[in-house]
Amino acid sequence: MAVHQELGNDQFIGAIYSERLTESADVLLAADIPMRMEMKITADRGIAARRFSRLWIEGMAINNRSDALTQQADNMVAFTNMFTSRLREGDHIIFSLAPGNGVTVSVDSIELGRIDNDQFFSMLVSTWVGRVPLSSTFREQLLVGGDVSDSLQDRYASLNPSAERIDQVAAWIAPPEPEPTPEPEPEPEPEAATVAAATAAATQAENEVAAVATPEPPKLEIPQQEAEPEPEPEPQPRQTAAVSAPEPTVRSSSSAAPAPTPEPQVDESDEDYVPTFTAESLLASQRYFSQMVRKVQLEIEYPRRALQRGYEGFVRIAVAVDRSGNLLNAELLEETDHSVLNNEAMEAVEDAAPFANIPDVISGRTHEFTIPITFALSN
């Protein structure tokens, strides 16, 4: 087990369960035996879905080959789509590998889905025990061959979701309720006047039918004398009617075509906003992230004072850029005990800016990522 921190605050406790206790990352990365990765959220405000997804996207990008990322792109999209709501304190996330049956994903005992690929589990594990882990201490705490402190195990066991929270997570995958079918409106009762008119009409119709049905006595036809034709009237001059052009009709605003409804604006500053990924956009995001990391690393110069005194450490910096690659913000998420190393890491980020333009396939006005920097002296 290991505790992951950001800015000195605990975010979650991670655990790896395996049938084979080991201190070797390679054994866990092989993913050829039943294993589980578990997380219990410890952050007071939980973890936003966008940040949770970015943790895995970046961790996979920096710890795996590009061809492996391409092969798993569709699975990665399916995985991120499972997490579209904020994770809360006490939530219990499990990624379970059953060799030959892929990876099952669940939150608070509710199964969210399954990835039908065993190697996807290796991609997940790499973010924790790969060459560039979440933090140096996180990796070290995991690879102890089962030698986990009792206090950490007790703390882990004490974190459990409430029944109400389990119901909330179950709603994530519940099918939408069908809209109720409106009941037919009852026909209005006819008014008295209408009834009277209908009755009179019916009576008249009956009388007409009776009159037609009763035979009349035969009539005697008497030839009439032809009358002299009356003289035709003289034709009158035809009068021409004046035709006036119709006045133009002025349409009121109510008769005008309705204006199109504007699409709702997405507030990307809302940390609960989750972008929609495709395999193409996710791969582009991972490639862009890898390029930015390499550009920052090229700016790193091991400080002379740190070399002389043997300083080492791990730094992680949160970075935000606009679509033109201009640096908007840089913040230390994890720092070493040595200010000289922390300052060097921040200066490297500033010197690397501006970064490349954000690829068109990646949506959003800004792009956020974290830069991991390890200061290590060769033996």
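This is a predicted model: local features need pLDDT of at least 70, side-chain atom pairs count only at pLDDT 80 or more; totals for chains, interfaces and linings use all residues.
The structure holds 1 cavity of 30 Å³ or more, and the volume of the largest cavity is about 30 Å³. Its lining is made up of Met60, Leu69, Gln72, Ala73, Met76, Met123, Leu282 and Gln286, which by class amounts to 6 nonpolar and 2 polar residues, with no charged residues. Two helices, H4 (73-81) and H10 (279-298), each supply at least two residues of this lining.

Turning to the aromatic side chains, the model has 15 aromatic pairs. One of these joins Phe52 and Phe83 in a tilted arrangement, with 4.8 Å from centre to centre and 50° between the planes. This pair links distant parts of the chain, since Phe52 belongs to helix H2 (residues 49-63) while Phe83 lies in the loop between H4 and strand E4 (92-97), 31 residues apart. Phe52 counts as buried because its relative accessibility is 2%, and Phe83, with a relative accessible area of 1%, is buried as well. Both Phe52 and Phe83 belong to a cluster linked by ring pairs, whose other members are Phe12, Trp56, Phe79, Phe95, Phe120, Trp128 and Phe138.

Charged side chains also meet aromatic rings: the charged end of Arg36 sits over the ring of Tyr17, and Lys40 lies over the face of Tyr156. The table sets out the distances for these two contacts.

| Charged residue | Aromatic residue | Distance from ring centre |
|---|---|---|
| Arg36 | Tyr17 | 4.3 Å |
| Lys40 | Tyr156 | 4.6 Å |

How values were computed
Residues are numbered from 1 along each chain as its sequence is written. Side-chain values use heavy atoms; hydrogens and water are left out. On a 1 Å grid over the protein atoms alone, a cavity is a set of points where a 1.4 Å probe fits but cannot get out, and a pocket is an open set with protein on both sides within 12 Å along at least five of seven lines; lining residues have an atom within 4 Å of a point. Grid points are joined across faces, edges and corners, and a volume is the space filled by probe spheres set on the points. Helices (H or I, at least four residues) and strands (E, at least two) are DSSP runs, numbered from the N terminus. Ala, Val, Leu, Ile, Met, Phe, Trp, Tyr, Cys and Pro count as nonpolar, Asp, Glu, Lys and Arg as charged, and the others, Gly among them, as polar. Rings of Phe, Tyr and Trp (its six-membered ring) pair if their centres lie within 6.5 Å; planes under 30 degrees apart count as stacked, over 60 as edge-to-face and the rest as tilted. Buried means under 20% relative accessible area, exposed over 50%, partly exposed in between (1.4 Å probe, protein chains only). A charge sits over a ring if NZ of Lys or CZ of Arg is within 6 Å of the ring centre and within 35 degrees of the ring normal.
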